[in-house]
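Here is a short briefing on selected features of one structure. Keep the sequence and the model side by side as you read.

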Amino acid sequence: MRSQQVLDTAHDMELWKSPESEQLLYVSPSCERLTGRTSSEFMENPDLISRIVHVEDRAQWVKFYTKKTQFRNRRHEFRIVRKDGEECWVCAVCKNIPGPDGKTDQGLRCSLRDITKHKKLEENLSYKADHDSLTGLTNRNVATRHAKQVMAKSRRRKKYNYAVIFLDLDRFKFVNDSFGHSCGDSLLKEVAGRLLSCIRETDTVSRYGGDEFIIVLDELENRNDAIKIVKRIRESLALPFLTQDKKITLSASFGLVLSPSNEPSPEEMIRSANIALHVAKESGRNKIRVFSKKMLERVLKMSRLEHELQAARKNNQFFLVYQPIFETGTEKLSGMEALCRWQHPKHGLLYPKEFIPIAEESGDIIDLGLWVLREACSTMAAWHKNFPELSELIISVNISAVQFRMASLVDQVSTILEETQLQPDKLNLEITESTIMENAESALFMLKRLKTLGIRLSIDDFGTGYSSLSYLRQFPVTSLKVDKSFTADMLEEENSLEIIKAMLALANAMKLEVIVEGVEQSHQLKELERIQCKYVQGFHLARPLSLEKAEDLLAKTHTCLEAE
């Protein structure tokens with residue numbers, strides 16, 4: 001009697017099936033709470049318990065419910081459809097009931113518990129583990145799993161094609177800095193929507209992190225299809241975004257891995273796509289690059305150089321060369337630009353483009369940059385002392401983006417000027433236009449602080465960083481240095497010459513000096529003289545000189561000035 005009361009008041013649904021047939025010997029009243037149906041409905045229709053199981057789960061339930069496993073507990077999770085049409089998850093635990101002798105079978109007892117809340121929580125946690133909370137896209141975990149799947153298919157099928165795309169939004173930091181992170185987040189959501197609209201059902205778009213996305217393309221007819229999809233994405237992203245009442249134009253850089261690939265793991269394949277992406281970004285914005293072995297070799301070389309960079313300074317492997325800057329017409333020497341070189345024991349002479357990016361990523365650029373500045377200032381101070389007629393010469397030194405962002409830069413420059421006894425107005429710091437425009441407000445503050453030292457400031461690579469005129473007139477700079485790409489095309493492309501003319505006119509209006517670099521031919525020099533460009537620099541006039549050859553040039557110039 002007591003055991004009957006326990007069964008009748010149990011929270012879980014309890015049922016007892018006959019050992020000889022499908023007939024139910026007992027169904028607890030709690031079945032109505034779980035299923036919406038009374039115990040009498042189940043007793044009268046023994047197959048009702050199977051009919052209420054969700055159609056997708058029914059085959060597995062029947063197999064579980066009818067399986068003969070003597071005197072053992074069994075557990076199964078499945079969905080049922082309540083009488084009101086609502087679906088819910090149930091966990092069933094079944095046990096064969098032994099007779100008094102321990103051998104005979106008295107039937108099957110099943111306890112059914114509602115686990116819907118637990119399942120929803122489990123599904124929610126699973127969703128969060130695989131999805132990006134901001135965009136709703138899958139995350140890098142899913143991207144890696146899908147990449148693993150396509151690699152497995154590729155090994156099984158000879159004519160199977162796939163691709164992995166790693167894309168990064170160009171200058172997205174500028175959006176966050178200019179309009180705020182809320183606007184940046186809204187923009188990322190819109191980007192996610194456009195990416196999804198450009199792919200097929202078999203493909204996966206995942207947010208890797210920040211403004212980086214991974215797309216895995218499955219079941220491609222051929223490799224060219226991947227390029228077509230990338231171009232479609234690029235065209236979609238090129239359309240203006242209207243985010244928080246702001247019209248924003250974007251572009252993206254793309255790195256691809258195309259099948260067949262030799263990467264041993266999905267992680268390696270994604271890494272290869274990322275390598276191709278970095279090559280694309282180095283080539284300029286809005287570029288597409290396909291991964292190759294040469295790219296990997298280059299990355300490995302850079303990795304070794306990063307390790308060797310730390311010992312290079314201690315072993316005095318760095319040295320400076322000096323490229324003269326002349327006045328047009330008279331070809332009078334007006335200054336020198338200090339350029340760093342690395343005499344590598346294995347690779348020979350390395351130029352800045354081969355090691356400065358590595359130094360910036362590793363942080364070694366801070367010590368290296370200070371060494372360059374101190375060496376250049378010390379050298380020019382010595383030249384002023386040794387060649388009194390050349391005391392107006394200016395030394396130009398490049399400042400990297402990492403250095404420019406350092407709050408301590410002003411104090412460091414001040415200390416070096418004091419140590420070397422170089423007059424502040426004889427030092428010209430060159431900062432690239434792209435570095436300045438990365439965060440114009442912050443750059444303006446830094447430039448003003450540097451200007452208080454009495455030094456000269458120059459915007460390097462002018463014409464490549466999209467300066468805002470409203471900011472340009474506020475920057476306390478002394479000169480603009482026109483990028484050599486304009487010089488190279490000035491005679492072949494009329495636009496380049498017109499752009500240089502426009503820069504000269506702008507500089508004259510703002511009372512700034514202009515130095516045009518990259519002058520490698522006599523006709524370029526003559527054309528620059530004709531349009532009244534005052535200062536030039538390039539191989540036609542002089543290549544970068546060693547310390548000894550630079551001093552030879554200074555000695556000849558000094559002698560000529562004395563003779564006058």
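**Positive phi angles**

- D461 is partly exposed, because its relative accessibility is 23%; buried means under 20% relative accessible area, exposed over 50%, and partly exposed in between, with a 1.4 Å probe and protein chains only.
- D461 is found in strand 19 (residues 456–462). Helices (H or I, at least four residues) and strands (E, at least two) are DSSP runs, numbered from the N terminus.
- D461 is not a glycine, yet its phi is positive, at about 55 degrees.
- K511 also has a positive phi, about 60 degrees, and is not a glycine.
- Most residues other than glycine have a negative phi.
- K511 sits in the loop between helix 21 (494–509) and strand 21 (513–517). With a relative accessible area of 77%, K511 is exposed.

**How to read the values**

- This is a predicted model: local features need pLDDT of at least 70, side-chain atom pairs count only at pLDDT 80 or more, and totals for chains, interfaces and linings use all residues.
- Residues are numbered from 1 along each chain as its sequence is written, and side-chain values use heavy atoms, with hydrogens and water left out.

**Cysteines**

- A disulfide is a covalent bond between the sulfur atoms of two cysteines. Here the rule is a pair of cysteine sulfur atoms within 2.5 Å.
- By this rule the count is one disulfide.
- C94 and C110 form it, with sulfur atoms 2.1 Å apart.
- The pair links distant parts of the chain, 16 residues apart: C94 is in strand 4 (residues 87–98) and C110 in strand 5 (residues 105–114).
- The link of C94 and C110 is right-handed, with 85 degrees about the S-S bond.
- Both C94 and C110 are buried.
- C91 is buried, at 8% relative accessibility. C198 is buried too, with a relative accessible area of 6%.

**Helix 11 and helix 12**

- Two packed helices are described by the angle between their axes and the distance between the axes.
- Helix 11 (residues 266–282) packs against helix 12 (residues 293–314) at an angle of about 85 degrees, and their axes are 10 Å apart. Axes are lines fitted to C-alpha atoms, for helices over the stretch in contact, and angles run from 0 to 180 degrees between N-to-C directions.
- Helix 11 is therefore roughly perpendicular to helix 12. Angles of 65 to 115 degrees count as roughly perpendicular, under 35 as roughly parallel, over 145 as roughly antiparallel and the rest as oblique.
- Helix 11 brings R271, I275, A276, V279 and E282 to the contact, and helix 12 brings M295, L296, R298 and V299. Contact means heavy atoms within 4.5 Å.
- The residues of this contact divide into six nonpolar, no polar and three charged. Ala, Val, Leu, Ile, Met, Phe, Trp, Tyr, Cys and Pro count as nonpolar, Asp, Glu, Lys and Arg as charged, and the others, Gly among them, as polar.

**Helix 7**

- The buried residues of helix 7 are V142, A143, T144, H146, A147, V150 and M151.
- They pack against helix 6, strand 6, strand 7 (161–169), strand 8 (204–209), strand 9 (212–220) and helix 11.

**D132**

- D132 lies in the loop between helix 6 (116–130) and strand 6 (138–139).
- D132 counts as buried, at 14% relative accessibility.
- Leaving out residues up to four places away in sequence, D132 touches L137, T138, N139 and R207.
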